[in-house]
Every structure is written in structure tokens, then in C-alpha cells.
Amino acid sequence: VADRRAALHTHDAGGDARSASASVSRQAVQSAMAAPLLAHDRSLLGVVYVDNLRSREAFTAADLDMLVAYAGIAAAAVERELRAEQLRTLHRVRDT
């Protein structure tokens, strides 16, 4: 997700090379979704991830659409806060 900057939806988290990791295997994750938090310049701010340990069919395409929408809103909020912090730092430097 982070490398490709694209959302992921899998019904076989442990067997899917895109999501298989030691923690996914150890926790026996069945289904998972993830979406990147992208800034306006497409730089990566983070990743939002959800999983289900009980069902391979826990998430639908509509769920992924919702997660992607949420990731977009979250990315905008993170980016806005980063810019606000830059402005606060600039004002502190200017005032000293």
C-alpha cells in the first residue's frame, strides 16, 4: 500500500503476498483492507489499516470505498496540521 500508493482489499490476508507478514500470520488475519494517506503532492503521510480475524468475507468493495474516502479526509487533516505547525514555527522564529 505504501509503496504502490494504492488501496488494498484481500479476502486471504495470510496467503496474499501483498499483505502477508509475520504479524498477519501470527494473528491469523483472515481479511484486511488498507489505504494510503496521500498529501496533495502524492507524498505518503501514512496508512490506515483494518482487519478481521474471523471471516474472509468481512469487507466488501463498498467498505473499501469508505476506507479510501476516510483516508482522504484523514490525509487532508494531517496535511493541514503539518502546514499549521510550519506556520507556528515560522512565527516563533520571526518573533525571536
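**Terms and values**

Modeller: Glu 79 and Arg 83 both lie in helix H2, four residues apart, about one turn of the helix. Helices here are DSSP runs of H or I with at least four residues, strands are runs of E with at least two, and both are numbered from the N terminus. The model is predicted, so local features need pLDDT of at least 70 and side-chain atom pairs count only at pLDDT 80 or more, while totals for chains, interfaces and linings use all residues. Residues are numbered from 1 along each chain as its sequence is written, and side-chain values use heavy atoms, with hydrogens and water left out.

Colleague: What makes Glu 79 and Arg 83 a salt bridge?
Modeller: The rule asks for a side-chain nitrogen of Lys or Arg within 4 Å of a carboxyl oxygen of Asp or Glu. The closest N and O atoms of Glu 79 and Arg 83 are 3.4 Å apart, so the pair meets the rule. By this rule there are five salt bridges.

Colleague: Why is Glu 79 called buried, and what is Arg 83 called?
Modeller: Buried means under 20% relative accessible area, exposed means over 50%, and partly exposed lies in between, with a 1.4 Å probe and protein chains only. Glu 79 has 10%, so Glu 79 is buried. Arg 83 has 47% and is therefore partly exposed.

Colleague: Which residues form salt bridges with Arg 88?
Modeller: Glu 81 is one of them, with closest N and O atoms 2.6 Å apart. Glu 85 also forms a salt bridge with Arg 88, at 2.9 Å. Arg 88 and Glu 85 are three residues apart in helix H2, about one turn. Salt bridges that share partners join Glu 81, Glu 85, Arg 88 and Arg 92 into one network. As for accessibility, Glu 81 is partly exposed at 43%, Arg 88 is partly exposed at 35%, and Glu 85 is partly exposed at 34%.

Colleague: What makes a set of residues a nonpolar core?
Modeller: The members must be buried Ala, Val, Leu, Ile, Met, Phe, Trp, Tyr or Cys, joined through side-chain atoms within 4.5 Å. The largest such core has 10 residues, including Met 33, Val 48, Phe 59 and Leu 64. Strand S2 (31-38) and helix H2 (61-95) each supply at least two of its residues. H2 gives the most, with five.

Colleague: How do you know that S1 and S2 pair?
Modeller: Two strands pair if DSSP finds at least two bridges between them. S1 and S2 have three bridges, in the antiparallel sense, so they pair. His 9 has Met 33 in S2 as its bridge partner.

Colleague: Why are S1 and S3 edge strands?
Modeller: The sheet is open, with three strands in the order S1-S2-S3 and antiparallel pairing. Strand S1 (8-10) and S3 each have a single partner strand, so one side of each has no neighbour in the sheet.

Colleague: Why is Tyr 49 called partly exposed?
Modeller: Tyr 49, in strand S3 (residues 44-52), has 40% relative accessibility and therefore counts as partly exposed. Ala 2 also counts as partly exposed, at 29%. Ala 2 lies in the segment before S1, and its C-alpha atom is separated by 6.9 Å from that of Val 47, 45 residues apart along the chain.
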